[in-house]
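Biologist: Hi! Could you walk me through this structure? I'm new to this, so please keep it simple.

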Amino acid sequence: MPHGPLFAHFSSSLAHDTGPGHPERADRITALAAALTEHSAFGYELRESPLASDAQLTAVHPPEYVAAIEALCAAGGGAIDADTVVSARSGEAARHAAGGVVALVDALLATDGPPAGASLHRPPGHHAERGRAMGFCLFNSVAVGAQWALDHHGLERVLVLDTDVHHGNGTNAIFRAEPRVLFVSAHQFPFYPGTGAASDVGSGAGRGTTVNVPVPGGSGDETFCSVVEHLVLPLARAWRPQLLLVSAGFDAHRDDPLAGCAVTDAGYATMAGSLRRLADELGVGLGFVLEGGYELGALTRGVQATLEAVASGAGGAPELAPHPLAVEALERSRALLG
Ligand SMILES: [Zn+2]
(Lines give C-alpha, C1' and ligand atoms only; values in the text may rest on other atoms or scores of the structure.)
Protein backbone atom coordinates (compact mmCIF):
# COMPACT_ATOMS: atom_id res chain seq x y z
CA MET A 1 0.00 0.00 0.00
CA PRO A 2 1.37 3.43 -0.88
CA HIS A 3 1.72 5.90 1.98
CA GLY A 4 -0.60 8.38 0.24
CA PRO A 5 -0.95 10.38 -2.97
CA LEU A 6 1.56 12.80 -4.47
CA PHE A 7 -0.23 15.06 -6.92
CA ALA A 8 1.91 16.52 -9.70
CA HIS A 9 1.64 17.61 -13.31
CA PHE A 10 5.21 17.70 -14.54
CA SER A 11 4.58 18.71 -18.17
CA SER A 12 2.76 21.93 -17.28
CA SER A 13 5.06 22.70 -14.32
CA LEU A 14 8.01 22.43 -16.74
CA ALA A 15 6.28 24.57 -19.39
CA HIS A 16 5.95 27.57 -17.05
CA ASP A 17 8.89 29.56 -18.40
CA THR A 18 10.20 32.37 -16.18
CA GLY A 19 13.14 33.21 -18.44
CA PRO A 20 16.91 32.87 -18.07
CA GLY A 21 18.48 33.25 -14.64
CA HIS A 22 15.20 33.16 -12.71
CA PRO A 23 15.48 31.24 -9.41
CA GLU A 24 11.93 29.84 -9.70
CA ARG A 25 12.85 27.71 -12.69
CA ALA A 26 11.82 24.48 -14.40
CA ASP A 27 14.96 22.74 -13.06
CA ARG A 28 13.28 22.64 -9.65
CA ILE A 29 10.67 20.25 -10.99
CA THR A 30 13.19 18.35 -13.14
CA ALA A 31 15.22 17.67 -9.98
CA LEU A 32 12.17 16.65 -7.96
CA ALA A 33 10.84 14.42 -10.73
CA ALA A 34 14.25 12.70 -11.00
CA ALA A 35 14.33 12.07 -7.25
CA LEU A 36 10.78 10.72 -7.30
CA THR A 37 11.64 8.38 -10.18
CA GLU A 38 14.86 7.22 -8.56
CA HIS A 39 13.21 6.49 -5.20
CA SER A 40 9.85 5.06 -6.40
CA ALA A 41 8.10 8.25 -5.22
CA PHE A 42 9.40 7.50 -1.69
CA GLY A 43 6.67 4.86 -1.36
CA TYR A 44 3.83 7.25 -2.24
CA GLU A 45 1.51 7.04 -5.22
CA LEU A 46 2.25 9.59 -7.94
CA ARG A 47 -1.02 10.93 -9.38
CA GLU A 48 -1.70 13.46 -12.13
CA SER A 49 -3.21 16.74 -10.91
CA PRO A 50 -6.38 17.96 -12.59
CA LEU A 51 -6.88 21.55 -13.64
CA ALA A 52 -8.63 23.63 -10.98
CA SER A 53 -12.07 24.63 -12.23
CA ASP A 54 -13.21 28.24 -12.63
CA ALA A 55 -15.46 27.78 -9.61
CA GLN A 56 -12.59 26.50 -7.47
CA LEU A 57 -10.30 29.38 -8.46
CA THR A 58 -12.94 32.09 -8.19
CA ALA A 59 -13.87 31.03 -4.67
CA VAL A 60 -10.57 32.79 -3.83
CA HIS A 61 -9.66 35.00 -6.81
CA PRO A 62 -11.97 37.47 -8.62
CA PRO A 63 -13.02 36.14 -12.05
CA GLU A 64 -11.54 39.18 -13.77
CA TYR A 65 -8.17 38.47 -12.13
CA VAL A 66 -8.15 34.86 -13.37
CA ALA A 67 -9.17 36.11 -16.83
CA ALA A 68 -6.39 38.72 -16.84
CA ILE A 69 -3.71 36.14 -15.99
CA GLU A 70 -4.96 33.80 -18.69
CA ALA A 71 -5.24 36.61 -21.23
CA LEU A 72 -1.63 37.57 -20.57
CA CYS A 73 -0.60 33.94 -21.14
CA ALA A 74 -2.70 33.72 -24.31
CA ALA A 75 -0.89 36.80 -25.59
CA GLY A 76 2.41 34.99 -25.12
CA GLY A 77 3.19 36.09 -21.56
CA GLY A 78 5.19 38.86 -19.98
CA ALA A 79 6.37 40.29 -16.67
CA ILE A 80 3.75 41.12 -14.02
CA ASP A 81 6.35 42.61 -11.71
CA ALA A 82 10.12 42.41 -11.33
CA ASP A 83 9.92 38.84 -9.94
CA THR A 84 6.75 37.44 -11.40
CA VAL A 85 6.82 36.38 -15.03
CA VAL A 86 4.37 34.37 -17.09
CA SER A 87 4.75 32.51 -20.37
CA ALA A 88 2.16 31.02 -22.71
CA ARG A 89 1.54 27.94 -20.52
CA SER A 90 1.90 29.52 -17.06
CA GLY A 91 -1.83 29.80 -16.48
CA GLU A 92 -2.22 26.10 -17.21
CA ALA A 93 0.64 25.29 -14.81
CA ALA A 94 -0.90 27.43 -12.07
CA ARG A 95 -4.32 25.82 -12.63
CA HIS A 96 -2.77 22.37 -12.21
CA ALA A 97 -0.94 23.58 -9.08
CA ALA A 98 -4.25 24.69 -7.55
CA GLY A 99 -6.06 21.63 -8.88
CA GLY A 100 -3.46 19.40 -7.25
CA VAL A 101 -4.26 20.87 -3.84
CA VAL A 102 -8.00 20.48 -4.43
CA ALA A 103 -7.45 16.84 -5.40
CA LEU A 104 -5.22 16.35 -2.37
CA VAL A 105 -7.91 17.80 -0.09
CA ASP A 106 -10.52 15.52 -1.67
CA ALA A 107 -8.25 12.50 -1.16
CA LEU A 108 -7.46 13.33 2.46
CA LEU A 109 -11.12 13.95 3.31
CA ALA A 110 -12.45 10.83 1.60
CA THR A 111 -13.86 8.08 3.80
CA ASP A 112 -10.90 5.82 4.65
CA GLY A 113 -8.65 8.35 2.88
CA PRO A 114 -4.87 8.26 3.29
CA PRO A 115 -3.35 9.95 6.36
CA ALA A 116 -1.08 12.22 4.33
CA GLY A 117 -0.05 13.33 0.87
CA ALA A 118 1.47 16.18 -1.08
CA SER A 119 1.00 18.43 -4.08
CA LEU A 120 4.23 19.21 -5.92
CA HIS A 121 4.09 21.88 -8.60
CA ARG A 122 5.34 25.19 -9.78
CA PRO A 123 4.59 28.06 -9.79
CA PRO A 124 4.26 28.36 -6.00
CA GLY A 125 1.20 30.15 -4.61
CA HIS A 126 1.45 31.60 -1.12
CA HIS A 127 2.37 35.17 -2.15
CA ALA A 128 -0.61 35.52 -4.49
CA GLU A 129 -3.33 37.69 -3.03
CA ARG A 130 -6.96 37.58 -4.17
CA GLY A 131 -6.38 40.04 -7.00
CA ARG A 132 -2.62 40.30 -7.21
CA ALA A 133 0.15 38.04 -8.51
CA MET A 134 3.51 38.54 -6.84
CA GLY A 135 6.61 36.75 -5.57
CA PHE A 136 6.62 34.16 -8.41
CA CYS A 137 3.00 33.25 -7.50
CA LEU A 138 -0.12 33.46 -9.72
CA PHE A 139 -2.94 31.56 -8.01
CA ASN A 140 -2.82 30.85 -4.27
CA SER A 141 -3.01 27.06 -4.44
CA VAL A 142 -3.08 26.34 -0.71
CA ALA A 143 -5.82 28.95 -0.24
CA VAL A 144 -7.85 27.44 -3.09
CA GLY A 145 -7.54 24.03 -1.39
CA ALA A 146 -8.44 25.36 2.05
CA GLN A 147 -11.43 27.27 0.66
CA TRP A 148 -12.55 24.10 -1.14
CA ALA A 149 -12.38 22.21 2.15
CA LEU A 150 -14.66 24.83 3.73
CA ASP A 151 -17.11 25.26 0.85
CA HIS A 152 -17.32 21.81 -0.70
CA HIS A 153 -16.60 19.57 2.27
CA GLY A 154 -18.22 21.78 4.88
CA LEU A 155 -15.24 21.85 7.21
CA GLU A 156 -15.36 24.38 10.02
CA ARG A 157 -11.68 24.43 10.98
CA VAL A 158 -8.68 24.16 8.63
CA LEU A 159 -5.13 24.82 9.80
CA VAL A 160 -2.65 26.20 7.26
CA LEU A 161 0.96 26.18 8.43
CA ASP A 162 3.46 28.08 6.28
CA THR A 163 7.08 27.01 6.77
CA ASP A 164 8.43 28.75 3.67
CA VAL A 165 11.14 31.24 4.69
CA HIS A 166 9.10 34.08 3.20
CA HIS A 167 5.90 35.27 4.83
CA GLY A 168 2.82 33.85 3.11
CA ASN A 169 1.30 37.29 2.66
CA GLY A 170 -1.26 36.09 0.14
CA THR A 171 -2.68 33.35 2.34
CA ASN A 172 -2.56 35.70 5.33
CA ALA A 173 -4.51 38.38 3.44
CA ILE A 174 -7.04 35.98 1.91
CA PHE A 175 -7.97 34.50 5.30
CA ARG A 176 -7.39 37.61 7.43
CA ALA A 177 -11.04 37.79 8.54
CA GLU A 178 -11.87 34.06 8.16
CA PRO A 179 -12.33 32.41 11.56
CA ARG A 180 -12.47 28.92 10.00
CA VAL A 181 -8.84 29.05 8.83
CA LEU A 182 -6.05 29.15 11.40
CA PHE A 183 -3.02 30.47 9.51
CA VAL A 184 0.35 30.06 11.20
CA SER A 185 3.55 31.28 9.56
CA ALA A 186 7.18 31.26 10.66
CA HIS A 187 9.34 33.39 8.36
CA GLN A 188 12.55 35.37 8.23
CA PHE A 189 11.85 38.98 9.21
CA PRO A 190 12.46 41.67 8.21
CA PHE A 191 12.60 40.19 4.71
CA TYR A 192 10.60 39.85 1.50
CA PRO A 193 7.66 40.56 1.23
CA GLY A 194 7.80 42.76 4.34
CA THR A 195 4.55 41.57 5.92
CA GLY A 196 4.07 39.11 8.77
CA ALA A 197 4.79 41.11 11.91
CA ALA A 198 3.76 39.42 15.15
CA SER A 199 1.17 42.17 15.62
CA ASP A 200 -0.77 40.91 12.57
CA VAL A 201 -3.21 38.55 14.27
CA GLY A 202 -6.06 38.78 11.75
CA SER A 203 -9.06 41.02 11.94
CA GLY A 204 -12.81 41.03 12.43
CA ALA A 205 -14.21 37.55 12.99
CA GLY A 206 -10.74 36.22 12.16
CA ARG A 207 -8.94 38.08 14.93
CA GLY A 208 -6.71 35.47 16.59
CA THR A 209 -6.75 32.95 13.72
CA THR A 210 -3.67 34.49 12.12
CA VAL A 211 -0.46 33.70 13.97
CA ASN A 212 2.72 35.28 12.64
CA VAL A 213 6.10 34.27 14.02
CA PRO A 214 8.78 36.50 12.51
CA VAL A 215 12.24 35.00 13.10
CA PRO A 216 15.66 36.61 12.65
CA GLY A 217 17.99 35.70 9.80
CA GLY A 218 20.22 32.79 10.80
CA SER A 219 17.39 30.94 12.52
CA GLY A 220 17.68 27.19 12.14
CA ASP A 221 16.20 23.94 13.37
CA GLU A 222 16.06 25.07 17.00
CA THR A 223 13.65 27.83 15.99
CA PHE A 224 11.59 26.35 13.14
CA CYS A 225 11.21 22.93 14.79
CA SER A 226 10.21 24.54 18.06
CA VAL A 227 7.56 26.66 16.32
CA VAL A 228 6.00 23.44 15.05
CA GLU A 229 6.45 21.41 18.23
CA HIS A 230 5.73 24.08 20.84
CA LEU A 231 3.35 26.43 19.06
CA VAL A 232 1.49 24.58 16.28
CA LEU A 233 0.94 21.36 18.25
CA PRO A 234 -0.54 22.89 21.42
CA LEU A 235 -2.56 25.44 19.43
CA ALA A 236 -3.99 22.69 17.24
CA ARG A 237 -4.77 20.44 20.20
CA ALA A 238 -6.92 23.27 21.56
CA TRP A 239 -8.43 24.47 18.26
CA ARG A 240 -9.10 20.97 16.82
CA PRO A 241 -8.58 21.52 13.08
CA GLN A 242 -10.27 18.97 10.79
CA LEU A 243 -7.48 19.19 8.19
CA LEU A 244 -3.81 20.21 8.25
CA LEU A 245 -2.32 21.87 5.18
CA VAL A 246 1.31 22.93 5.01
CA SER A 247 2.68 25.58 2.68
CA ALA A 248 5.96 23.72 2.45
CA GLY A 249 8.77 25.90 1.21
CA PHE A 250 12.31 24.61 1.48
CA ASP A 251 14.04 27.99 1.24
CA ALA A 252 14.66 28.25 5.00
CA HIS A 253 17.35 25.61 4.30
CA ARG A 254 20.87 26.71 5.11
CA ASP A 255 21.95 26.10 1.49
CA ASP A 256 19.19 28.21 -0.06
CA PRO A 257 20.58 31.18 -2.01
CA LEU A 258 17.56 33.47 -1.63
CA ALA A 259 17.30 33.68 2.15
CA GLY A 260 19.42 33.62 5.28
CA CYS A 261 18.04 30.92 7.53
CA ALA A 262 19.75 27.68 8.51
CA VAL A 263 17.29 24.79 8.61
CA THR A 264 18.87 21.39 7.83
CA ASP A 265 17.54 18.28 6.10
CA ALA A 266 17.06 16.78 9.56
CA GLY A 267 15.08 19.87 10.59
CA TYR A 268 12.58 19.30 7.80
CA ALA A 269 12.24 15.67 8.89
CA THR A 270 11.67 16.78 12.47
CA MET A 271 8.96 19.29 11.52
CA ALA A 272 7.22 16.67 9.39
CA GLY A 273 7.44 14.11 12.18
CA SER A 274 5.84 16.51 14.65
CA LEU A 275 3.03 17.20 12.19
CA ARG A 276 2.41 13.50 11.54
CA ARG A 277 2.16 12.91 15.31
CA LEU A 278 -0.32 15.78 15.51
CA ALA A 279 -2.39 14.54 12.57
CA ASP A 280 -2.57 11.05 14.09
CA GLU A 281 -3.53 12.43 17.48
CA LEU A 282 -6.34 14.50 15.94
CA GLY A 283 -7.30 11.81 13.43
CA VAL A 284 -7.11 14.25 10.50
CA GLY A 285 -5.37 14.40 7.11
CA LEU A 286 -2.02 16.10 6.55
CA GLY A 287 -1.28 17.65 3.16
CA PHE A 288 1.96 19.29 2.04
CA VAL A 289 1.89 21.89 -0.74
CA LEU A 290 5.19 22.80 -2.35
CA GLU A 291 6.04 26.51 -2.23
CA GLY A 292 9.64 27.77 -2.54
CA GLY A 293 13.08 26.17 -2.33
CA TYR A 294 15.71 27.30 -4.81
CA GLU A 295 18.79 25.17 -4.14
CA LEU A 296 18.07 21.98 -6.04
CA GLY A 297 19.82 19.62 -3.62
CA ALA A 298 18.26 21.21 -0.55
CA LEU A 299 14.86 21.20 -2.24
CA THR A 300 14.90 17.53 -3.21
CA ARG A 301 16.41 16.40 0.11
CA GLY A 302 13.89 18.54 2.00
CA VAL A 303 10.97 17.00 0.12
CA GLN A 304 12.43 13.52 0.64
CA ALA A 305 13.04 14.12 4.36
CA THR A 306 9.50 15.43 4.76
CA LEU A 307 7.79 12.60 2.90
CA GLU A 308 9.87 9.89 4.58
CA ALA A 309 9.31 11.31 8.06
CA VAL A 310 5.58 11.54 7.43
CA ALA A 311 5.50 7.97 6.15
CA SER A 312 7.42 6.62 9.13
CA GLY A 313 4.60 7.90 11.35
CA ALA A 314 6.86 8.91 14.21
CA GLY A 315 9.28 11.62 15.09
CA GLY A 316 9.22 15.24 15.95
CA ALA A 317 11.09 16.95 18.72
CA PRO A 318 9.29 16.52 22.03
CA GLU A 319 12.65 16.81 23.79
CA LEU A 320 13.65 20.07 22.08
CA ALA A 321 13.93 23.15 24.31
CA PRO A 322 10.99 25.50 23.65
CA HIS A 323 12.21 28.54 21.73
CA PRO A 324 11.22 31.89 23.30
CA LEU A 325 9.59 33.00 20.01
CA ALA A 326 7.36 29.92 20.00
CA VAL A 327 6.47 30.39 23.66
CA GLU A 328 5.61 34.07 23.16
CA ALA A 329 3.46 33.36 20.11
CA LEU A 330 1.62 30.58 21.95
CA GLU A 331 0.82 32.86 24.88
CA ARG A 332 -0.36 35.62 22.57
CA SER A 333 -2.52 33.24 20.54
CA ARG A 334 -4.06 31.55 23.54
CA ALA A 335 -5.11 34.94 24.90
CA LEU A 336 -6.77 35.82 21.58
CA LEU A 337 -8.34 32.45 20.79
CA GLY A 338 -9.60 31.97 24.34
ZN1 LIG B 1 9.87 31.42 -0.17
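Modeller: Happy to! Let's start with T210, which lies in strand β8. Strands here are DSSP E runs of at least two residues and helices are H or I runs of at least four, numbered from the N terminus. This is a predicted model, where local features need pLDDT of at least 70, side-chain atom pairs count only at pLDDT 80 or more, and totals for chains, interfaces and linings use all residues. Residues are numbered from 1 along each chain as its sequence is written, and side-chain values use heavy atoms, with hydrogens and water left out.

Biologist: Is T210 buried or exposed?

Modeller: T210 is buried, because its relative accessible area is 2%. Buried means under 20% relative accessible area, exposed means over 50%, and partly exposed is in between (1.4 Å probe, protein chains only).

Biologist: And what does T210 touch?

Modeller: Leaving aside residues up to four places away in sequence, T210 touches N172, F175, R176, F183, D200, V201 and G202. A contact here means heavy atoms within 4.5 Å.

Biologist: New topic: which protein donors does the zinc ion have?

Modeller: They are D164 (OD), D164 (OD), H166 (ND1) and D251 (OD), lying 1.9 to 2.7 Å from the zinc ion. Donors are N, O and S atoms within 2.8 Å of the metal (3.2 Å for Na, K and Ca); water is not among the atoms, so sites may look incomplete. Along the chain, the donors follow the spacing D-x1-H-x84-D.

Biologist: Why is the arrangement around the zinc ion irregular?

Modeller: Because the 4 donor atoms subtend angles of 53 to 155 degrees. Four donors count as tetrahedral if all angles lie between 85 and 135 degrees; four count as square planar and six as octahedral if opposite donors are over 155 degrees apart and all others between 65 and 115; anything else is irregular.

Biologist: Are D164 and H166 buried or exposed?

Modeller: D164 is buried, with a relative accessible area of 1%, and H166 is buried too, at 7%.

Biologist: What about F136 and its phi?

Modeller: Phi of F136 is near 75 degrees, a positive value in a residue other than glycine. F136 is in the loop between β5 and α6, and it counts as buried because its relative accessibility is 14%.
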